[in-house]
Amino acid sequence: MRSVTIIIPTLNEEDNIDPLLEKLCGVSINDCNIEFLFVDDQSTDSTIDKIKQWQNRFNNISILQRQAAPDLAKSIIEGARLSTSDYIAVIDADLSHPVDKLPDLLAPLVSGNYDVAVGSRYIKDGGIANWPIHRRLLSWVGGLPARMLTDIKDTTSGFFACKRSCFDNISPDAKGYKILLELLASGLDQFRVIEVPIVFTDRVEGQSKLSKKQLIEYFQRLIELSGGRSSSTTAKRFLSVGIFGVIIDAFTFYFLLDLGWRISSAHITSFFIAAVTNYFFNSIWSFEYHHQSLRSWLSKAVKFIYFAVIALIVRGGVLAISIKLIGISPALAIYPAILAAAAINYFAASYLVFPSKDNRSGPAISISWRVVSVFTIGFMLILRFLYLGTTELIPDETYYWNYTQFLDIGYLDHPPLLAWVLWLSTALFGDNEFGVRIVAFLCGFGVIFFMYQLTKLLFDRTSAYIAAFLTSFIPFTVAAGFLTTTDAPLLLFWSAGLYFLAIVAVKKSSIAWVGAGLCIGLGMLSKYTMILFVSGIILYLVLSSSLRYWWKRPIIYASAILSIILFLPVVYWNAQHDWSSFIFQTGRRLDRTNEFSTHYLLLHFLVLLTPVILYLFIKSLKNVKKIITTPIVREHTAYINYFTVFSLVPISVYFIFSLTHYPRFHWTAPAWLVLIPLAGYALSPTSNFLPTNSKLSKYALYSAALLCLCYGALLHYAALGLPFNTPLRFSEHYFWKQTAQKVHQLEIEVEKSSGQSPLIVGLSKWSIASALRFYDVDNNVTNIISRNAVGRPATMYDYWTSPEQWSDRPVVFIALNPNDLVAKEVEQHADGLQAPQIGIIILNNKELRYIHYRIAERYLP
């Protein structure tokens with residue numbers, strides 16, 4: 001016969017003892033002897049007397065009277081360690097927990113299927129009786145941070161049961177009023193946990209013991225459990241040092257601006273002066289850290305410098321938004337920028353520069369991975385958002401914005417979905433950088449979300465955190481999540497399609513086929529590359545014997561029909577335009593001169609992934625059978641086929657193509673998505689594939705750290721420029737806003753001398769004309785066209801513009817390559833050509849870039 005001890009912590013609960021024990025004594029649990037243990041925290045009313053009266057009637061009731069300071073967590077821990085039962089259940093004495101649910105709570109444990117069962121308010125059939133909406137919301141939000149450490153929805157529940165041995169690993173530092181958090185964190189990825197629905201009711205008698213102090217202790221304990229250092233003393237000292245740093249920072253910033261320094265130079269210099277001062281005082285006072293050796297000092301110093309630069313990058317983003325978008329003066333904008341940097345510095349110091357401890361065994365490894373993942377994902381999302389509207393668009397983005405000016409159901413070089421979505425976003429947010437880039441930001445967030453959900457479905461939550469971590473910093477997902485090109489929606493619908501197909505394979509869900517059909521149709525409306533995903537589905541179902549029965553189900557064909565219906569507008573447009581788009585994306589690519597380019601394809605892999613992540617993906621795929629042959633994975637063959645088919649099918653197509661043709665560097669990006677969950681599981685301690693502290697895990701972390709720094713530095717440069725007189729590089733395809741102003745000046749000069757508005761011809765396929773149209777100063781873009789003006793193909797400009805209407809007008813040719821200005825096509829289409837000239841683009845007395853132009857008296861179509 002098994003035994004269970006039901007622990008009831010008490011503190012002045014005299015009015016609730018009798019009704020509680022009346023209910024408890026009526027509870028029976030199959031195959032279990034029940035004992036009731038009251039752990040009292042020095043009640044000053046008649047609580048103890050009431051319990052002793054019941055002790056005289058029942059021999060399974062006992063009391064533990066604590067003499068230490070009242071603490072709910074410590075009370076329950078002491079009670080559990082005193083018990084010799086097989087199972088422990090915890091219930092509040094205030095009748096807020098449903099006593100009749102105790103058998104349901106213990107049944108999963110007695111069956112041997114689970115280690116912990118939690119009474120949950122936030123799953124189906126659970127709830128809270130008679131609570132207003134704001135109180136429910138506060139309770140849910142308060143428990144949200146703890147989900148990272150527990151993997152359940154009701155992280156603050158006080159009603160749970162577990163094996164007694166689950167208490168063995170709880171930290172001696174456990175304190176506060178949420179013992180469940182301590183319990184689950186100590187067994188993260190080791191305990192089998194289930195949630196049982198309950199309806200929580202407020203106490204009727206007595207007063208709640210929850211205070212503001214306990215709430216503060218709860219959040220402090222959250223920080224400590226996740227590896228950080230937290231105390232009110234530390235926080236107060238950090239705040240004091242921070243205020244001192246703000247004074248130094250702001251004073252230095254003002255002083256340098258008065259000396260005539262640029263904003264970027266002043267803010268970088270003032271930041272580092274304040275940061276070094278803060279580090280000194282925080283090290284010896286706020287965190288009271290005593291370096292044991294020179295190596296220890298250097299390690300902390302390197303970490304400090306790194307996170308100082310990260311904080312500087314975020315600060316630059318806040319500064320750029322405040323000045324460029326909101327219109328705040330630099331003198332005021334520096335303060336929100338300083339606060340943002342201070343927040344990052346505090347968490348970095350608490351978790352990584354001066355952590356509370358260095359525990360790298362057991363569940364702590366999983367917690368560390370999750371914390372690093374959350375911080376990295378958060379930083380990358382914040383970074384992208386801060387710089388969305390403060391960095392100029394690249395020509396590719398301006399080209400797709402031009403789609404919205406000629407809205408249609410099809411285009412020559414791409415399907416129309418991006419145009420439709422861009423039209424909506426710019427209608428909401430305006431024809432500006434933010435209005436264009438918010439599309440990519442949301443798509444990038446969606447990719448991270450689906451990679452997390454996919455990995456959680458296939459493996460476990462820690463692996464899902466790591467997969468989302470990888471997704472947040474891999475170059476191709478970062479680019480697609482910041483730059484609004486057709487790759488942004490393609491990756492979104494490809495990742496969502498992978499997720500729905502995994503639901504089909506794992507849960508045998510018919511409705512998931514509808515989601516897959518939607519993703520295929522929308523993916524095809526984004527980019528024709530989605531056809532490779534369709535090929536993957538067909539091959540996957542053919543190779544996986546456990547899934548072949550789907551060929552007999554109508555839902556798969558209904559899904560295919562749904563995809564076709566969504567794609568019909570593109571088919572109709574092509575039918576009206578001699579199938580030009582399909583021909584453009586197929587025959588045109590194959591008609592090019594044969595050129596062996598496989599070595600370029602391999603180079604593209606390195607650019608898209610970085611060497612470390614590429615090696616991780618290859619290693620994971622090579623060892624896929626070994627990695628997934630664990631109890632967590634049931635249908636090994638279906639899993640192996642899933643990862644191999646959806647990665648190798650598109651990669652093989654591009655490999656074959658590269659044998660005779662040059663592939664674009666970003667083409668293979670979708671193929672790598674399916675390997676992110678596998679790599680996440682391979683890195684996770686739950687897979688046991690890699691040894692603890694493996695070099696590959698460290699290199700992955702170092703890659704993330706380096707890439708985050710590079711992305712931030714690049715965006716900071718694009719928004720605020722480089723400090724001092726640092727020379728600019730790689731700027732010939734950027735700074736189009738200033739270039740458009742220069743071209744507008746040329747336009748005014750030509751119009752003044754000729755009496756006619758000139759034609760502006762960009763001598764590239766689409767980039768020059770698109771960028772000049774987006775950044776045009778007078779919003780009159782009809783006179784800006786592309787190289788179709790000189791008889792060369794210009795993609796959609798062949799459809800959008802009519803060069804012949806500008807006959808005999810003066811013309812200004814704009815080129816990136818000066819050789820384009822002396823090409824025979826230019827001379828055949830103009831009279832009175834002047835010599836080629838160079839225009840210097842200057843901002844803040846600094847040369848940004850050059851443009852090459854040539855003016856002619858008369859354009860000849």
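A residue is called buried under 20% relative accessible area, exposed over 50% and partly exposed in between (1.4 Å probe, protein chains only). The views below show a predicted model, in which local features need pLDDT of at least 70, side-chain atom pairs count only at pLDDT 80 or more, and totals for chains, interfaces and linings use all residues. Residues are numbered from 1 along each chain as its sequence is written, and side-chain values use heavy atoms, with hydrogens and water left out.

**View 1. A salt bridge joins Arg66 and Glu78.** A salt bridge is a side-chain nitrogen of Lys or Arg within 4 Å of a carboxyl oxygen of Asp or Glu. Here the closest N and O atoms are 3.1 Å apart. Arg66 is in the loop between strand E3 (61-65) and helix H3 (72-82), and Glu78 is in helix H3; helices (H or I, at least four residues) and strands (E, at least two) are DSSP runs, numbered from the N terminus. Arg66 counts as buried because its relative accessibility is 3%, whereas Glu78, at 36%, counts as partly exposed.

**View 2. Arg370 and Asp189 meet through their side chains in a salt bridge.** The N to O distance is 3.5 Å. Arg370 lies in helix H13 (residues 363-388) and Asp189 in the loop between H7 and strand E8 (193-197), so the pair ties together parts that are 181 residues apart in sequence. With a relative accessibility of 0%, Arg370 counts as buried; Asp189 is partly exposed, at 29%.

**View 3. Helix H8 (residues 212-225) holds both Glu224 and Arg221.** Their side chains form a salt bridge of 2.9 Å, N to O. The two residues are three residues apart, about one turn of the helix. Both fall into the buried class: Glu224 has 16% relative accessibility, and Arg221 has a relative accessible area of 6%. Elsewhere, salt bridges that share partners join Asp151, Asp189, Arg370 and Arg461 into one network.

**View 4. Leu470 is among the residues with the most contacts inside the largest nonpolar core.** A nonpolar core is a set of buried Ala, Val, Leu, Ile, Met, Phe, Trp, Tyr and Cys residues joined through side-chain atoms within 4.5 Å. The largest one has 200 residues. Apart from its neighbours within four places in sequence, Leu470 is in contact (heavy atoms within 4.5 Å) with Ile613, Leu616, Ile676, Ala679, Gly680 and Leu683. A second, separate core of 30 residues includes Ile8, Leu20, Phe36 and Phe38.
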